[in-house]
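Please read the following report alongside the sequence and the coordinates.

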Amino acid sequence: MAREALEVLKECEAFLEGHFLLSSGRHSGAYCQMAFLQQYPDKAAEVMAPVAEKLKELNIDVVVGPAMGGIVYAYELGRQMGKRAIFTERVDNVMTLKRFRINPGERCIIAEDVVTTGVSSLETKRVIEENGGLCVGIACVVDRTRAEAPSPIPIVASALKLDLPNYAPEECPICKEGKLPLVHLGSRKMKEAAKQTL
């Protein structure tokens, strides 16, 4: 029997609690540090297996992972489905398809690590469509979207759905309490500054 994705994330020390600044600009009391999962290819494969299985029925041609967070997961989904896996990257701060091509009409899925608002995936969707592809949706490790703020691109498969509150900075109760410092994404001190839920 397959293990729950959250169990694997905790085992990898990839699920943290504290006070975090998300890529959306919002604040949260929990954060999934997906780079910790990427250290273990066997565990990443285990977590992505049910996602790949769900995608097989969608007739996907290409898995597109935005750099950096989506590259490993795009590769793993492509490997498990036997499909091409590519990535978009920023050139002069604009998301682009620098190294690869998408053929007209190819059905593409965006592979992300964590989706909170889905807004950052819109850049990759634009790149797919400008290159003649069809964006089928998003596949991710962790879906953190909320009913009141759904992703603008449908999330068609995820390994884990987490209903973790996130807040506009001016409404953040953790800020108002003033006990925990705000930790920026990618900070080297993140692990030390966070209380881990292990």
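In which helix is S121 found? S121 is found in helix α5, residues 121–130, where helices (H or I, at least four residues) and strands (E, at least two) are DSSP runs numbered from the N terminus. This is a predicted model, in which local features need pLDDT of at least 70 and side-chain atom pairs count only at pLDDT 80 or more, while totals for chains, interfaces and linings use all residues. Residues are numbered from 1 along each chain as its sequence is written, and side-chain values use heavy atoms, with hydrogens and water left out.

S121 counts as buried because its relative accessibility is 1%; buried means under 20% relative accessible area, exposed over 50%, and partly exposed in between, with a 1.4 Å probe and protein chains only. When residues up to four places away in sequence are not counted, S121 touches I110, E112, I138 and I153, contact meaning heavy atoms within 4.5 Å.

**The sheet**

Six strands form an open sheet with mixed pairing in the order β5-β4-β3-β6-β7-β8, two strands being paired if DSSP finds at least two bridges between them. Its edge strands, β5 and β8, each pair on one side only. On average, and with direction ignored, neighbouring strands of this sheet are turned by 25 degrees against each other; axes are lines fitted to C-alpha atoms, for helices over the stretch in contact, and angles run from 0 to 180 degrees between N-to-C directions. Strand β3 (residues 62–66) is joined to β4 by five bridges, and the two run parallel, with V64 standing opposite I86 in β4. Helix α4 lies across β3, β4, β6 and β7, and runs at about 165 degrees to β3.

L134 lies in strand β7, residues 134–143, and is partly exposed, because its relative accessible area is 43%. Leaving aside neighbours within four places in sequence, L134 is in contact with E106, R107, C108 and I128. Between L134 and V156 there are 14 Å from C-alpha to C-alpha, at a separation of 22 residues in sequence.

**Nonpolar cores**

A nonpolar core is a set of buried Ala, Val, Leu, Ile, Met, Phe, Trp, Tyr and Cys residues joined through side-chain atoms within 4.5 Å. The largest has 33 residues, of which L9, M34, L37, L55, L77, V141 and V142 touch the most other members. Among the elements that give two or more residues to this core are α1 (5–11), α2 (34–38), α3 (41–55) and α4 (71–81), and α3 gives the most, with six residues. Apart from this core lies another, of 15 residues, including V62, I86, M95 and I110. As for L77, its contacts beyond four places in sequence are M48, V51, A52, L55, V63, A111 and A139.

**Aromatic rings**

Rings of Phe, Tyr and Trp (its six-membered ring) pair if their centres lie within 6.5 Å, and planes under 30 degrees apart count as stacked, over 60 as edge-to-face and the rest as tilted.

| Pair | Centre to centre | Angle between planes | Type |
|---|---|---|---|
| F20 and Y31 | 5.5 Å | 35 degrees | tilted |
| F87 and F100 | 5.1 Å | 75 degrees | edge-to-face |

F87 lies in strand β4 (residues 84–91) and F100 in the loop between β5 (94–96) and β6 (107–115), 13 residues apart. Both F20 and Y31 are buried, whereas F100 is partly exposed, its relative accessible area being 31%.
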